[in-house]
Amino acid sequence: MDQGSGTQLGIGELRQLWAAYGHDLLLHDPGGSGECLVRRGELITSAASLDPVLDRCRRWVDEVQHDEELLLARVRLRGAERDRCVDVARETSGAAANHVHFGSPVMYGTPVMYGTGAEAQAAPPIPEPPAVQWDPAVVVGVLDTGCDPHPWFRDRPWFEAVPEELDADDDAGQDRQAGHGTFVSGVLLQHAPGAVLRTQRVLSSLGFTDDYTVVAGLRSLRLAAAARGERIGVVVLTAGCHTADDECPPILREELEHWSDAVVVAAAGNQARSRPFWPAALPSVVGVAATGADGAVAEFSNFGPWVDAAALGVDVTSSFVQMAGGGGRNFGYASWSGTSFAAPRVAAAAATALHEGRTPAEALEIVRQDYPFER
C-alpha cells in the first residue's frame, strides 16, 4: 500500500481544535468502540417526529429551532442531559444525536486528519477541461465548501458561484480546508467536462459539518432542482462520520432514500480504519477509497467490505483558490491527497455513463467494475 506521511490527528484533538473556535462538541465513548463526535446537547429530528420527541424530552429541552421549508428541527437540551445527548437520542423514538462529519481530507474533511498531504500544495497549471455541455444535461450535485469563480468554471453557462469562505477563523491566514470544494469541482470537470455542476456549501473551511447541515444541503439541492425542472443524476459527498452504534444516522439514511434515482458517491474517509464511515458505508451509496498512482490503496484510506470502489486520491491536481492581499483571491492549481479527491473521479465516471444513455443502476455497476476496490 502507499505510505502516507501526513500528521495524524485523533478525534479528541480535532474536538479541541474546533472547540477553540467556539464549537461546543462532545466526544462520546472516547477510545471505545462507540467513539464518535456529536454536537453537545443537540438532537435533530424531522418535523413529523418533533411533537412525539418533545413529549418525551420536554423537561430537558432548552430551545427548539425548526425549518418549515426543509422539515427539519434542532432540539437543544439543558443541564446534565447535554452530555447525555447520545443516550437520550437512543431512548427517544424519532430523535437522533447530531453527529459531526469530518470533511474528507479532515465529516473527518480527509487530508486534514490523515493523508499524504494535510494541506494543499501549489502546483503548476494543468490543461483546462474542454468547454462542452452534454445534451441532454447530466446534473451533478456537489456538497462541499463551495465553488469559486475559477477560470475553469466562471464562463460555463450553468455556473453559479458559491464563494469559498477562506478565513472563517479570522486569523489572517487561509483555513486548512478552504478551497476544497473548488478543488473537488475541478476533479469532476476534468473527468466529466460536459456535466452541469450544482454546488451546496455544507462543509466548513475548518474541515467539518454535521448531520443537520448535510441533510439540509441535500434537501435544498432537491428543492432547487425541482424549481429548475432538473433531474440530478449524480451526487458526491466528501465528508462522513462514525456513530456510537456503527449505524447510519437515521435522518441521513432517511434523506438518502429520496435519492434512489441518482447515483450517490461518498468519500470513504481517511482514518485508515475498517469501521463503517457514513454515508459511504450505506449499501445504496458508492463508498470510494483512495489509491496512489500505482493503484495500491493509500495508507490513509479507510477500507472494509462496505467500500465499493477505489480511485486515485494521492497527489491529485486540480483547480484551487487562495487568499490574496487586500481581500482578493488568486485562482490557480494545487496538489492534494485524500479520499475526497477519489470520490469525484468516480462520480464523474457515473455521470459519463448516464451521458452515454445508461440507467442509474447500470452506471452503478459500471463504476464498481471500472474502479474496483481491492485490498
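How many residues lie between β3 and β4 in their hairpin? There are four, and L71 in the turn has a positive phi of about 60°.

## About the model

This is a predicted model: local features need pLDDT of at least 70, side-chain atom pairs count only at pLDDT 80 or more, and totals for chains, interfaces and linings use all residues. Residues are numbered from 1 along each chain as its sequence is written, and side-chain values use heavy atoms, with hydrogens and water left out.

Helices (H or I, at least four residues) and strands (E, at least two) are DSSP runs, numbered from the N terminus.

## The hairpin

Strand β3 covers residues 61-67, and strand β4 covers residues 72-77. The two run antiparallel and are joined by six bridges. Two strands pair if DSSP finds at least two bridges between them.

## The six-stranded sheet

Six strands form an open sheet with parallel pairing. Their order is β8-β7-β10-β12-β13-β14. Strands β8 (196-201) and β14 (309-312) are the edges, and each pairs on one side only. From one strand to the next, the twist averages 25°. Strands of a sheet pair through backbone hydrogen bonds, either parallel or antiparallel.

β7 and β8 pair in the parallel sense over six bridges. L143 has Q200 as its bridge partner in β8.

## Buried strands

All six residues of β7 are buried. Buried means under 20% relative accessible area, exposed over 50%, and partly exposed in between (1.4 Å probe, protein chains only). In a regular strand the side chains alternate between the two faces of the sheet. Both faces of β7 are covered: V139, G141 and L143 are buried on one side, and V140, V142 and D144 on the other.

V263 lies in strand β12. This residue is buried too, with a relative accessible area of 1%. Leaving aside neighbours within four places in sequence, V263 is in contact (heavy atoms within 4.5 Å) with eight residues named here: G233, V234, V235, V286, A350, P360, A363 and L364.

Helix α5 (residues 180-191) packs against helix α8 (residues 339-355) at an angle of about 35°, with axes 8 Å apart. Axes are lines fitted to C-alpha atoms, for helices over the stretch in contact, and angles run from 0 to 180 degrees between N-to-C directions. On the α5 side, the contact residues include F183, V184 and V187. On the α8 side, they include F341, P344 and A348. By class, the contact has eight nonpolar, four polar and one charged residues.

α8 is mostly covered, with 14 of its 17 residues buried. Its 17 residues should span 24 Å at 1.5 Å a residue, and its end C-alpha atoms are 25 Å apart, which agrees. G357 follows α8 and has a positive phi, near 95°. Helix α9 (residues 360-370) lies across β12 (263-267), β13 and β14. α9 runs at about 20° to β13.

## A loop residue

E160 is found in the loop between β7 (139-144) and α5. Not counting residues up to four places away in sequence, E160 touches R198 and R228. E160 and R275 are 115 residues apart in sequence and 37 Å apart in space, C-alpha to C-alpha.

Methods. Nonpolar A, V, L, I, M, F, W, Y, C, P; charged D, E, K, R; others polar. Expected span 1.5 Å × (residues − 1).
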